[in-house]
Amino acid sequence: EKNYFNLNGTMKLSDKLSIELVSDYMNSYTHNRPTMMSRIFGAYDGFFSRMDDMSVYFNKYQTSQGYHWVPYNKPYNDKEKLAYNIRANELLDFLWNQEKNSHNEYQNRFVNSATLNINLTNKLKIRGRLGNDFTSVKVEDKQYNLYPVSFGYSGSYGVQNGQYSLIYGDAMAVYTDKITKDLEFTLTGGITGKDDTYNDAQQGTNGGLVNENWFSINNSAKSFTTDQIKSTRKNQTYMAEFGMLSFNYKDWFFIEGTGRNEATSTLPPGKNTYFYPSINSGFVFSDAFHMPSFLNFGKLRASWGIVGNHPEMYQANVAYIQNSVQTATGAALYQYPNSSQYGNDGIKSEKKYETEIGLEARLFNYILGIDVSYYNNKIKNQILYPSIAASTGATSMLSNVGDLTNQGFEMALTANPIKTKNFSWETRLNYSFNKNKLDRLSDYLTNLEMYNTDGGSLVIKANVGDALGDIYVHPIETNEKGQNVVNEYGVYNIDYNNYVKVGNVMPKVTGGLSNSLSYKNFSLDFIIDYRFGGQLVSTPMYYMYGAGMFKNTLDYRDAAHGGISYNIDANNNKVASASGTYHDGVILDGVTSTGAKNTTIVDAATYYMNSFAWGSGAGSYNRYEKAVFDNSYIKVREVTLNYTFSNQLVSKIGFQRLQFSLIGRNLFYIWKTLPNLDPEVGIGSSWLYQGIDQGSSAPTRSLGISLRASF
């Protein structure tokens, strides 16, 4: 549940003085925020199939007495406990957490800003702004007793209170004057500062609840736990290091230069300031020269700049937290706060150097428009968390890993081919592509590994000179003639000493098509997105192939689907026979280690379970290239049908404008290459995880109505 209130106003105190006020208030209540069953968080027991009856899980996640479902090997409630172990017990836990337990979040957020504008003269203006963003959060977590207290304490109760505050301010002076009649300049200088703080306090029971389902800190079986976190970040910029100078010649040539120096507490002392400049220009050649009548507007633009970046709060710190537990000598115990990631007090600021050129044009009385641009940027000292040996005590460390180059092309075509009194059609087509390359790595890195799954069976990494997002797997073993080699069981050997590239998670081309059609008071807007090229990694799909969950896994299961007929002789060997007892055989195309053609029959179950199973190494023959899928699509993203009521009607009820809309989002795919899965199954905004399926919920389509009124 969410409520939102906004106030936005301007107070004009005099001809030279005005104040702008903006105030937003939001409060929200969230009950049992959805969680994800995923192997990435260390849970491996969420597997269930389309053959499972979901009503059984909903009936079994709790007992008739309201306790947690009972595993088969527990010493209580023999009547209701599971008869045997099941694979999908995490699904039962998921239902217990979502349907039984209670996790409530209450949030209040208050955002305000006040801006003072002073026009000292016609040429000099001063602006000062002060604002804050304050958020308070309260969390109450109730974990119900798993079993009767006679079998031990269970359940928990915890509360958390947090306050997060951002205070920022800036002051800027703008001076505009003319050097000559045709040449105007603007000089801007200013200061800006920001201060982030947050304070978290948590309390919770320890060792379970003494009295069943009494949610109180005092009901803790052991001494209850407390935890407090306080953090502060400052990001300040000083006047002498912030400025902009721009020139305007006859309103058809513009050039502007900027400079900014930042100081941040998230970088180590002595390395916590960085400067970045930029310069950009525009040339409206359609105003500078006499152009053909079909060209209504034409502009060339070019820019160059540097943008700085720094780590988030406390990421670079090499510091320890004090634990309440004491050592054997009585001294306090200090621990590194994050067991998986190390900080780095030698980290440097990341900088991106970018150049862009572009062209804008409007043609044929503004019926057709084009906007194209080419960009090239280089990121130096990129800040990431590369993998390190777990024997060091963590699995990754904040580092300046190296340099990365990006270059790409973007184009937008706009058209208004039909425009009459009652009917209009406007359309826009976007097209873009991007290529990147890893130019340099730090000396201690041989490659940049970004993803590793199933014990190194599939990795996403980049070598120097290659693009980010390359997917590598262990290949099928081949002989000197390039023939696939099978083992004594008739399935392919896997070469675990080498990797082969099988794709890249980045798309080749992305874009969209938007259209707006209007007829009298009706209008129809729709957006189509497209993506061509690139691959998706889906180990859940790979496992489902091994479990026979898809139609194409009917192959070889019987004679109707290509299975070979065979009998089993006295030595337990499969012998082909037209009138055989079994009909689920397959002979894989390949050769033995001696080079002889493979003639060994494998039953379909053995083929699937030994080609699409988990893990790698000795004794496994799993083909992880089958977990990589082409991912291209054309999708109807949104359709909106609007009706705008006539002015005569709305004026009678005190409105200036009234519009009713039917809205549909995420509607359907016109075409896609990915079978059995949503192409946008990736979770989060990271470019990497847009190409990785971790096992998410099904996609949703939303339909809604909207009523907008102005008065």
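The exercises below walk through parts of one predicted model, each with a worked solution.

Residues are numbered from 1 along each chain as its sequence is written. Local features need pLDDT of at least 70 and side-chain atom pairs count only at pLDDT 80 or more, while totals for chains, interfaces and linings use all residues, and side-chain values use heavy atoms, with hydrogens and water left out.

**Exercise 1. State how many helices and strands the chain has, and what share of its residues is buried.**

Solution. 
- Start with the elements: the chain has six helices and 37 strands. Helices (H or I, at least four residues) and strands (E, at least two) are DSSP runs, numbered from the N terminus.
- Next, burial: 36% of the 711 residues are buried. Buried means under 20% relative accessible area, exposed over 50%, and partly exposed in between (1.4 Å probe, protein chains only).
- Last, extent: along its principal axes the C-alpha trace spans about 105 × 70 × 70 Å.

**Exercise 2. Explain why helix 4 counts as largely enclosed by the rest of the structure.**

Solution. 
- Count first. Helix 4 covers residues 539–546, and seven of its eight residues are buried, so the rest of the structure largely encloses it.
- Name them: T539, P540, M541, Y542, Y543, Y545 and G546.
- Find their partners. These buried residues pack against strand 22, strand 28 (535–538), helix 5 (604–609), strand 33 (628–630) and strand 36 (692–693). Contact here means heavy atoms within 4.5 Å.
- Check the ends. At the start of helix 4, a side-chain oxygen of S538 comes within 3.2 Å of the backbone nitrogen of M541. After the helix comes G548, with a positive phi near 75 degrees.

**Exercise 3. Classify two aromatic pairs: Y545 with F550, and Y566 with Y582.**

Solution. 
- Set the rule. Rings of Phe, Tyr and Trp (its six-membered ring) pair if their centres lie within 6.5 Å; planes under 30 degrees apart are stacked, over 60 edge-to-face, and the rest tilted. This rule gives 36 aromatic pairs.
- Take Y545 and F550: 5.1 Å centre to centre, 65 degrees between the planes, edge-to-face. Y545 is buried at 9% relative accessibility. F550 is buried too, at 7%.
- Take Y566 and Y582: the centres are 5.4 Å apart and the planes at 20 degrees, so the pair is stacked. Y566 sits in strand 29 (residues 564–568) and Y582 in strand 31 (residues 582–586), so the pair ties together parts 16 residues apart in sequence. Y566 is buried at 3%, whereas Y582 is partly exposed at 40%.
- Widen the view. Y545 and F550 belong to one aromatic cluster, whose members also include Y542, Y543, Y607 and Y608.

**Exercise 4. Place V459 in the fold and list what it touches.**

Solution. 
- Locate it: V459 lies in strand 23 (residues 458–462).
- Compare sequence with space. V459 and V473 are 14 residues apart in sequence and 6.6 Å apart in space, C-alpha to C-alpha.
- List the contacts. Leaving out residues up to four places away in sequence, V459 touches E449, Y451, N452, D470, I471, Y472 and Y499.

Key: Polar contact = N/O pair within 3.5 Å; in protein donor to acceptor, adjacent residues only side chain to side chain.
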